[in-house]
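Try each task before you read its solution.

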Amino acid sequence: MDKWSTYKCIIFEVLHDGQHCILAEGGWYVVGDEFRNRVEEAFQSRVRDVALPPAGLHEWERAYCERVSRDHGLILFDRERFAIPGESVPYELCDLMSPERVLLHTKPAEKGSSSLSHLFRQGALAGELFALEPSFRERAREYLARVAPDHVDLI
């Protein structure tokens, strides 16, 4: 069985002697300011601040998504899965979508780090499918045509 030390699992960034240093998979790297700034600007240009209301103490994810969709003008995608050719399992685009094309994924906070891990993986996979798989986007458009025909052009 392969061994993988805990040290190799740490990802850490620090400013040391005026240089941006990153520890990743057991190796230290110095990142140039110009490259770091370009990456940071590209990331920030895609981040949107969306204020969502808190969930109720015992509110299920589905109920929360339905309430937020109804009360805040968001499109409900929760539990809507879209098949793609060659895959036996359909995938979810997001839980909620804003009219500004912001895809939102939600998870209950009380389940700890496993929920966060699932949330990040779900978002990454949905983003990849959305960017690379035309049939995934087409299934999402078909869904929008049924539930929010005025918003089909969002995809």
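**Exercise 1.** State whether Phe77 and Tyr143 are buried or exposed.

Solution. Phe77 is buried, and Tyr143 is buried too. Buried means under 20% relative accessible area, exposed over 50%, and partly exposed in between (1.4 Å probe, protein chains only). Phe77 has 0% relative accessibility, so Phe77 falls in the buried class. Phe82 has a relative accessible area of 6%, so Phe82 is buried as well.

The model is predicted: local features need pLDDT of at least 70, side-chain atom pairs count only at pLDDT 80 or more, and totals for chains, interfaces and linings use all residues. Residues are numbered from 1 along each chain as its sequence is written, and side-chain values use heavy atoms, leaving out hydrogens and water.

**Exercise 2.** Find how many aromatic pairs there are, and classify the pair Phe77 and Phe82.

Solution. Start with the rule. Rings of Phe, Tyr and Trp (its six-membered ring) pair if their centres lie within 6.5 Å; planes under 30 degrees apart are stacked, over 60 edge-to-face, the rest tilted. This rule gives 5 aromatic pairs. The centres of Phe77 and Phe82 are 6.2 Å apart and the planes meet at 75°, so this pair is edge-to-face.

**Exercise 3.** Classify the pair Phe77 and Tyr143, and say which parts it ties together.

Solution. The centres are 5.0 Å apart, with 50° between the planes: the pair is tilted. Phe77 lies in the loop between strand 4 (75-76) and strand 5 (81-82), and Tyr143 in helix 4 (residues 134-147), so the pair ties together parts 66 residues apart in sequence. Helices (H or I, at least four residues) and strands (E, at least two) are DSSP runs, numbered from the N terminus. Ring pairs link Phe77, Phe82, Phe136 and Tyr143 into a cluster.
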